[in-house]
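Trainee: I have a structure to go through and a few quick questions. Can we start with the ligand?
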Amino acid sequence: MFSHQPGHEQTVDTSYDIAVIGAGMVGTSSALWLLRSGHRVALIDRGEPGMGTSFGNAGALATYGNVPINSPSIPRRIPELLFSKDSPLHINWTMVPGMMPWLIRFLRNCTPGRVEYISGALASLMQQAEEGVFPLFKASGADKLIRSMGCLYLYDTEANFAKADGENKLRRDHGVEMEVLTPEEVGQLEPNLAKIYAKGVYFPKAHQYVSPSGVVQTMADHFTANGGTFIKADVSAIGKNTDGSLEIATDGPPISCKQLVLAAGAFTKRLFGGLVEPLPLETERGFHIVFPGHEGALNRPVGWSAGGFYMTPMSHGLRAAGTVDLGGLSSKVRQANIDHITRHARKLLPDLPETPQETWVGHRPTMPDALPVIGRSQRTPEIIFACGHQHIGMTIGGITGKLVAEIVDGTKTSVDLTPFSPGRF
Ligand SMILES: Cc1cc2nc3c(=O)[nH]c(=O)nc-3n(C[C@H](O)[C@H](O)[C@H](O)COP(=O)(O)OP(=O)(O)OC[C@H]3O[C@@H](n4cnc5c(N)ncnc54)[C@H](O)[C@@H]3O)c2cc1C
């Protein structure tokens with residue numbers, strides 16, 4: 001068991017008020033909020049902080065992201081989404097039998113009424129997203145890795161923009177500030193883009209991560225510098241001692257704690273069973289490529305609806321990230337997704353080289369209703385779920401952490417937690 005902060009002594013103390021499993025955006029934010037609340041906290045990860053899905057995402061702090069992936073149009077678009085050669089969605093058919101219960105639940109959450117409800121619940125988190133994360137950025141110094149130039153979302157045709165009417169209405173209805181732009185106005189914001197778009201939507205209040213993993217690592221360093229303990233260990237099981245404390249089995253010494261936060265992203269699924277109820281958590285794999293030296297091509301994250309991905313200027317190059325592969329927890333990069341993103345990115349920015357330098361796969365943790373799970377386990381109330389942040393964990397990870405601390409402290413939560421209850425399944 002080791003402290004993360006360079007130079008710290010190796011510690012032998014294995015008993016904490018609270019342990020947080022998973023040092024991604026969600027777990028690190030939770031650990032920091034808990035520390036700020038005066039608890040003795042251990043943050044546990046099998047790797048370095050911020051190297052899971054929080055590493056390779058598109059880096060948009062997308063406060064306009066209250067539109068779930070569930071959509072009333074999905075049932076009729078299934079054939080096109082699954083069989084079109086240019087679809088941003090791929091499904092590994094061998095996974096289908098195991099995923100069937102999740103897929104059925106997902107489709108049940110695509111009715112207009114459910115989508116409206118889910119969107120409202122996500123908006124309640126989005127509206128508190130800045131309050132949840134900016135204090136952590138400021139205190140840790142990670143604010144230097146955040147840029148506030150808004151985000152841009154582009155549609156290839158007027159018809160596709162019209163099809164997005166419902167989504168944009170959900171944003172407007174929940175107070176998201178947005179401006180519909182003509183091609184000329186898009187060109188003024190992003191002059192290097194090829195003029196292959198028909199419409200743009202600009203979200204002026206959105207922010208971006210210049211280095212998503214850099215932000216999480218900076219926050220984790222701040223955590224250890226202020227008395228928190230980072231433990232590099234692979235958790236294999238959770239048990240209960242006779243005195244009521246929890247026992248975390250790892251590939252190193254066991255760790256005991258009074259309360260536990262499960263924030264291992266898509267891999268939280270492997271910790272279900274026994275002490276905690278199994279929840280319908282699945283993963284949508286997503287991919288990225290990087291073009292080093294091309295970060296100057298754009299001023300802000302740009303989403304491309306036709307390609308299902310974003311391009312974001314980051315500290316180490318231009319990153320293009322997105323698409324969905326229902327392919328389980330495999331860490332094998334799927335070349336067809338990489339090719340899809342590369343092809344579309346080069347259509348938008350023809351000066352990009354044919355071959356990107358970095359390819360990556362990550363695992364979005366997704367519940368069938370696209371709502372995260374934030375709340376105490378019904379089976380073991382000392383265990384708190386903080387998982388299922390799907391496409392928006394970099395945006396609502398901070399507020400999730402704040403809510404976790406409020407749950408532990410028993411204070412009134414900043415957001416009504418009913419929609420996020422583990423008991424909803
Ligand atoms: C391509 C792509 C683009 C995205 N773009 C955006 C975006 O622009 N904006 C946005 O808001 N979100 C975006 N997301 C979503 C976002 O990245 C995720 O929602 C978020 O990173 C999830 O954070 P997390 O902390 O729950 O999980 P993770 O970051 O995956 O962290 C979980 C941690 O748990 C650790 N762990 C797992 N199992 C164990 C174990 N048994 N023992 C110990 N440690 C364990 C892992 O090592 C990992 O560090 C994107 C995702 C993808 C894939």
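Trainee: How many residues surround the ligand, and which are the closest?
Mentor: The model is predicted, so to speak of local features pLDDT must be at least 70, and side-chain atom pairs count only at pLDDT 80 or more, while totals for chains, interfaces and linings use all residues. Residues are numbered from 1 along each chain as its sequence is written, and side-chain values use heavy atoms, with hydrogens and water left out. The ligand is surrounded by 32 residues, each with a heavy atom within 4 Å of it. The closest are D45, S54, A60, H391 and T395.

Trainee: Which polar side-chain atom lies 2.8 Å from a ligand oxygen?
Mentor: That atom belongs to T395. In the side chain of S54, an N or O atom is 2.5 Å from an oxygen atom of the ligand. A polar backbone atom of T53 is 3.0 Å from a ligand oxygen.

Trainee: How much of the ligand does the protein bury?
Mentor: The protein buries 95% of the 1,000 Å² that the ligand exposes when taken alone (Shrake-Rupley method, 1.4 Å probe).

Trainee: What is the make-up of the shell?
Mentor: The shell has 13 nonpolar, 15 polar and 4 charged residues. Helix α12 gives the largest share, 3 residues.

Trainee: Where does the ligand lie relative to the domains?
Mentor: It lies between domain 1 and domain 2, because both give residues to the shell.

Trainee: Changing topic, how many disulfides are there?
Mentor: There are 0 disulfides, counting pairs of cysteine sulfur atoms within 2.5 Å. For C257, the nearest cysteine sulfur is that of C387, 16 Å away.

Trainee: Is C257 buried or exposed?
Mentor: C257 is buried, at 2% relative accessibility (buried means under 20% relative accessible area, 1.4 Å probe, protein chains only). C151 is buried too, at 0%.

Methods: Buried means under 20% relative accessible area, exposed over 50%, partly exposed in between (1.4 Å probe, protein chains only). A polar contact is a pair of N or O atoms within 3.5 Å; within protein, one must be able to donate a hydrogen and the other to accept it, and residues adjacent in sequence count only if both atoms are side-chain atoms. Helices (H or I, at least four residues) and strands (E, at least two) are DSSP runs, numbered from the N terminus. Ala, Val, Leu, Ile, Met, Phe, Trp, Tyr, Cys and Pro count as nonpolar, Asp, Glu, Lys and Arg as charged, and the others, Gly among them, as polar. Domain bounds come from an automatic or database domain assignment.
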